[in-house]
Amino acid sequence: MGRIDPRLTPFVCLNCGFWQRHFDVPPACPVCTDYRHPLPADGWRFLSAAEVADSHRTTWREVLDGVWMLEAEPAIGIGPAGWFIETEHGNVHWEGAGWTDDAALDWMASKGGVRFLAFSHAHVLGSAWRVSERFAPEAV
């Protein structure tokens, strides 16, 4: 995995929840400009990771044995959930919560970290980039 240029700041689109890196506030959201997605009526609004860290937190709860659902409070964009799945072959992080705070990352570390990271599509990436930066998991 290549290094990310530190001059690029992560920003989240408040309409859909997609994170992207830019030198400054992005001019638009590539996910929202897809013809299948509704455009925001009043234009795009973005928050930096620092702004989200100041206003959001991550919650997690076990929904089945070894399967944990992570969510941002308050929700960001369409409100994607992340999933942390404990397995004997290494833990899996599937999809991504709108925000994954330091407490959630520390909790994942206490469970053995994340070995595998996977997504179904761009709307549910959430802040899984924070999981990737912390654990450098294998992508599947």
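A polar contact (a pair of N or O atoms within 3.5 Å, where one must be able to donate a hydrogen and the other to accept it, and residues adjacent in sequence count only if both atoms are side-chain atoms) of 3.1 Å joins the side chains of Gln20 and His22. Gln20 has its place in strand β2; helices (H or I, at least four residues) and strands (E, at least two) are DSSP runs, numbered from the N terminus. With a relative accessible area of 12%, Gln20 is buried; buried means under 20% relative accessible area, exposed over 50%, and partly exposed in between, with a 1.4 Å probe and protein chains only. Leaving aside residues up to four places away in sequence, Gln20 touches Thr9, Pro10, Phe11, Pro26, Ala28, Cys29, Pro30 and Phe46, where contact means heavy atoms within 4.5 Å.

The model is predicted: local features need pLDDT of at least 70, side-chain atom pairs count only at pLDDT 80 or more, and totals for chains, interfaces and linings use all residues. Residues are numbered from 1 along each chain as its sequence is written, and side-chain values use heavy atoms, with hydrogens and water left out.

Strand β2 belongs to an open sheet of three strands in the order β2-β1-β3, with antiparallel pairing; two strands pair if DSSP finds at least two bridges between them. Its edge strands, each pairing on one side only, are β2 (19–22) and β3 (46–48). On average, and with direction ignored, neighbouring strands of this sheet are turned by 35 degrees against each other; the axes are lines fitted to C-alpha atoms, for helices over the stretch in contact, and angles run from 0 to 180 degrees between N-to-C directions. Three bridges connect β3 with strand β1 (residues 9–13) in the antiparallel sense. Phe11 stands opposite Ser48 in β3.

A further antiparallel pair is formed by β4 and strand β5 (residues 67–73), joined by seven bridges. Thr58 faces Ala72 in β5. The hairpin of β4 and β5 has two residues between the strands, and there Gly66 takes a positive phi near 80 degrees. Val63 lies in strand β4 (residues 57–64). Its relative accessible area is 32%, so Val63 is partly exposed. Not counting residues up to four places away in sequence, Val63 touches Met69 and Trp83. Between Val63 and Trp83 there are 20 residues of separation in sequence and 9.8 Å in space, C-alpha to C-alpha.

Attention now turns to a helix. Six of the eight residues of helix α3 (residues 128–135) are buried, so this helix is largely enclosed by the rest of the structure. The buried residues are Ala128, Trp129, Arg130, Val131, Ser132 and Phe135. They pack against β1, β2, α1 (49–55), β7 (92–95), α2 (102–110) and β8 (116–118). Just after α3, Ala136 takes a positive phi of about 45 degrees.

The protein as a whole contains three helices and nine strands. From the N terminus on, its elements run β-β-β-α-β-β-β-β-α-β-α-β. The radius of gyration, taken over C-alpha atoms, is 15 Å, close to the 14 Å that the globule rule gives for 140 residues, so the protein is as compact as a globular protein of that length; the rule is 2.2 Å times the number of residues to the power 0.38. Along its principal axes, the C-alpha trace spans about 45 × 30 × 30 Å. Of the 140 residues, 46% count as buried.
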